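Grab the structure and work through these exercises. Each task comes with a solution that goes step by step.

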Amino acid sequence: MKVVRWLDHHFEEMFLLVFSSVMVVVIALQVFMRYVIGSSLPWSEELARYCFIWLVYLGISYGVKKQRHIKVDVVLLFLKDKGQIMVNIFANLLFLVFAFYVIFYGGRIVSQLLQWGQSSPALHVPMGWVYAATPIGMGLTAIRIIQQLVKQIMTILGRAEFEVKTEQDLIFEANPEQVDQKTKR
């Protein structure tokens, strides 16, 4: 049970760290090879690009988990707690429909690419694996949206605590000294 809980809390972070580290190391190695040695690596840019693709799609899931996606908070500022949660539930349901759409059609594209056997030019990685970032990342996003929806519905029913965080709240959370300055005015 502890492993499942740890994965729930750190799954995206673990892969984001790995992909970003690989990307930075490979790009630094390519710069060194090109400008110091005078010869470039044929596979480095391709690997960095594929790491970035996976990084983006896993980052979407991480953003949902942390409630850090760009959103318009004007409506939320005029609503109280339950009203904010209701608006958030509606937005999450729309996002969930979009995620399922991307999973379905992204999965079809991955399946076709794997059947065709297309591989990348330098690394010779099956392109289906590269394109799998889309349905896998959106699948994780759908799981995170469902987790958010369960918490939000349980809060509406009075069985849990869920706080809708506006960008202003997140800024103050990151910089508590701004809150102190604002309250002194």
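**Exercise 1.** Work out whether Phe19 and Trp54 are buried or exposed, and then how their rings sit relative to each other.

*Solution.* Start with the cut-offs: buried is under 20% relative accessible area, exposed over 50%, and partly exposed in between, with a 1.4 Å probe and protein chains only. Phe19 and Trp54 are both buried in this predicted model.

Next, the rings. Rings of Phe, Tyr and Trp (its six-membered ring) pair if their centres lie within 6.5 Å; planes under 30 degrees apart are stacked, over 60 edge-to-face, and the rest tilted. A search of the whole structure turns up five aromatic pairs. For Phe19 and Trp54, the centres are 6.0 Å apart and the planes at 25°, so this pair is stacked. The two partners come from distant parts of the chain, 35 residues apart, with Phe19 in helix H1 (residues 2–37) and Trp54 in helix H2. Finally, zoom out: ring pairs join Phe11, Phe15, Phe19 and Trp54 into a cluster.

Some housekeeping: residues are numbered from 1 along each chain as its sequence is written, and side-chain values use heavy atoms, with hydrogens and water left out. Since the model is predicted, local features need pLDDT of at least 70 and side-chain atom pairs count only at pLDDT 80 or more, while totals for chains, interfaces and linings use all residues.

**Exercise 2.** Describe how H2 packs with H6.

*Solution.* Helices are DSSP runs (H or I, at least four residues), numbered from the N terminus. H2 covers residues 44–65 and H6 covers residues 133–156. Their axes are 8 Å apart, at an angle of about 5°. Axes here are lines fitted to C-alpha atoms over the stretch in contact, and angles run from 0 to 180 degrees between N-to-C directions. Angles under 35 degrees count as roughly parallel, over 145 as roughly antiparallel, 65 to 115 as roughly perpendicular and the rest as oblique, so H2 is roughly parallel to H6.

**Exercise 3.** Is Gly128 buried or exposed, and what does Gly128 touch?

*Solution.* Gly128 lies in helix H5 (residues 127–131). Its relative accessibility is 0%, so Gly128 counts as buried. Skip the neighbours within four places in sequence, and Gly128 is in contact with Val110, Leu113 and Leu114. As for confidence, pLDDT runs from 0 to 100 for each residue, and H5 has the highest mean in the chain, at 96.

Technical notes. Helix = DSSP H or I, 4+ residues; strand = E, 2+ residues; numbered from the N terminus. Expected span 1.5 Å × (residues − 1). Contact = heavy atoms within 4.5 Å. pLDDT = per-residue confidence, 0-100.
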